[in-house]
Number of protein chains: 2
Amino acid sequence: MSYVALTGGVGGAKLALGLTHLLPADELTFIVNTGDDFRHLGLHVSPDLDTLMYTLSGLSNEETGWGRRGESWNCLESYGALGGETWFNLGDRDLAVHLRRSELLQQGVPLHEVTRRLNSAVGVDVRILPMTDDAVATRVLCETGELAFQHYFVRKRCEPVVSGIRFDGAETAQCAPGVMEALHDPALAGVLICPSNPYLSVDPILAVPGLRQALVDCAAPVIAVSPVVGGEAIKGPTTKIMAELGLPLTALTVAEHYADFLDGFIIDLCDEGLLAQSLSMPMVAAQSVMRTLDDKVQLAQTALAFFERL
Amino acid sequence: MSYVALTGGVGGAKLALGLTHLLPADELTFIVNTGDDFRHLGLHVSPDLDTLMYTLSGLSNEETGWGRRGESWNCLESYGALGGETWFNLGDRDLAVHLRRSELLQQGVPLHEVTRRLNSAVGVDVRILPMTDDAVATRVLCETGELAFQHYFVRKRCEPVVSGIRFDGAETAQCAPGVMEALHDPALAGVLICPSNPYLSVDPILAVPGLRQALVDCAAPVIAVSPVVGGEAIKGPTTKIMAELGLPLTALTVAEHYADFLDGFIIDLCDEGLLAQSLSMPMVAAQSVMRTLDDKVQLAQTALAFFERL
């Protein structure tokens, strides 16, 4: 048996951690959004790959919800004093990852292999794959023009009104080695869409040619966990963007967004009322706000049980 | 009136600091060795340019004699944990300089302009020029083969026996903008060769086509301060290399090394006996071991007075 999970940032990484507590490393593959990747300080930064690595390795900073534990900020402070841009927080320890990644990429090592080496070095043996080794850049169309993802997300704090999102380079990108193999594995028992932002974190993955179709064609059930709880996003701009795109602020909007390949949908207990609504797929309600490790393992368990039922 | 000083690492930077206490910024140009420059962690590191910048800005670590004050090492520690090489000490604050320099170089800003911007940002307004904007790499020929400079100097702690030194790329390098202008300035009152390693730090500068000849042709006097005191180098492998190259371990060997362009030579008080020896140029003896700021200013004063005499 094997499972695949598609994941973006913090929310996805929490559920991913739950899964690793239930499944052996060789039965699990994560396919991770790299649309957020960008060059900064001359380095290749992969925020979602790093969030997953830090979460699974125990290196993450639980207090801030991002970055590394025991972090210091001396490089960024000095860099700012030299006239460099400091709007993107890069801690001294975090920087080591970007330096090592950039160095290996510069040596010609592809991103999926760089990712494997970095994770292996911090003791993470589960398979973590970037959606692609190629450059795909999420671009946010705003009233004031198009913004690079991190400029929208971090620099502008998601304040601009979004009218559209595109994934620059996606048309010609190829899935990273291992991605299609994982989705076509005869032993595949389920594909989980983690509660990441559907528009900013999951859509870039689905935009890599062949990937969405692989989910449509997939023999195993595909289920998603709603990132929308009680009409609001647990974290990040999901519902802000939904409102700006004129979409109903409900978990069902997310299910419909994935309708072409989705076989099941997990909503939060507080949205139990939605179960009564006629949706074209089975739904379950569960405690989906993950505060403790136990919350994460419980939600992962709910997903695995749901796979079995479907 | 204007002065030019050629300098390498720590010893040269000390005398440079002395000079800045005696001369206005616009009367002084430093031409700095970049043969030590190398790529490390994917970044462009310029050790001698940085040593001078840290020394003149007051950012240098007086205790260690290298690197920055108030330094931390979290990035390098984390980088090592990711399988990266840690033999070259890169502190978190120091790293900011390499990041900023590499980023600007990547954007196409030439090294001399990068150097100006970095120094300006930390309040150093005196003109600091790399000897060249081009890549020149000092290579040390050892019994066991050829070593890149930092591999010889830091990684191997200068232990291999040296049979020769070459400057890869020097033949086709061009002096950085400003270098020839400074040496041909009609107001030039003197050129000072700082007490840096003649073979590893000054020779690379002299190897840039046209530079040595400019010193030979120079109307103003050229003087050098001996880095050899009492038959020993104050710091670094100068006399070790002299011994390995079969050269006499005395300050006079250094004067002879520069004989084609040198008009005066400053030796240490403890070598006063050498004044009696017939050298083809004027010599003065001074306290040349610079421990305090006052030592640095005094030695700079000795050099300036010597220029006036010549």
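Reply: Two strands pair if DSSP finds at least two bridges between them. Strands (E, at least two residues) and helices (H or I, at least four) are DSSP runs, numbered from the N terminus. This is a predicted model: local features need pLDDT of at least 70, side-chain atom pairs count only at pLDDT 80 or more, and totals for chains, interfaces and linings use all residues. Residues are numbered from 1 along each chain as its sequence is written, while chains are lettered from A and ligands numbered from 1 in the order in which they are written.

Start with strand 10 of chain A, residues 222-225. Strand 10 of chain A runs parallel to strand 13 of chain A, residues 264-268, and three bridges join them.

Now widen the view. In chain A, seven strands make an open sheet with parallel pairing, in the order 5-2-1-9-10-13-14. Its edges are strand 5 (127-130) and strand 14 (283-286) of chain A, each pairing on one side only. On average, neighbouring strands in this sheet are turned by 20 degrees against each other, direction ignored (axes are lines fitted to C-alpha atoms, for helices over the stretch in contact; angles run from 0 to 180 degrees between N-to-C directions).

Next, look at A:Ile223. Leaving out neighbours within four places in sequence, its contacts include A:Gly190, A:Leu192, A:Phe265, A:Ile266, A:Ala303 and A:Phe307 (contact: C-beta atoms, placed from the backbone, within 7 Å). A:Ile223 also belongs to the largest nonpolar core, which has 189 residues (a core is a set of buried Ala, Val, Leu, Ile, Met, Phe, Trp, Tyr and Cys joined through C-beta atoms within 7 Å). A:Ala16, A:Ile223, A:Ala303, B:Ala16 and B:Ile223 touch the most other members of this core.

A:Val228 lies in strand 11 of chain A, residues 228-229. A:Val228 counts as buried because it has 26 C-beta neighbours inside 10 Å (buried: 20 or more; exposed: 12 or fewer; partly exposed: in between). Not counting residues up to four places away, A:Val228 touches A:Ala233, A:Thr238, A:Thr239, A:Thr250, A:Ala251 and A:Val254. A:Ala137 is 91 residues from A:Val228 in sequence, and 24 Å from it, C-alpha to C-alpha.

Chain A also meets chain B. Here 24 residues of chain A are in contact with 24 residues of chain B. On the chain A side, helix 3 (74-81), helix 4 (92-106) and helix 5 (111-121) each supply at least two residues. Helix 4 of chain A gives the most, with 10 residues. That side of chain A has 11 nonpolar, eight polar and five charged residues (nonpolar: Ala, Val, Leu, Ile, Met, Phe, Trp, Tyr, Cys, Pro; charged: Asp, Glu, Lys, Arg; polar: the others, Gly among them).

Finally, turn to chain B. Strand 6 (137-142) and strand 8 (162-168) of chain B run antiparallel, joined by six bridges. There, B:Thr138 is the bridge partner of B:Phe167. Strand 6 of chain B also pairs with strand 7 (145-148) of chain B, antiparallel, over four bridges. Opposite B:Val140 stands B:Leu147. Strands 6 and 7 of chain B form a hairpin with two residues between them.

Conventions: Contact = placed C-beta atoms within 7 Å.
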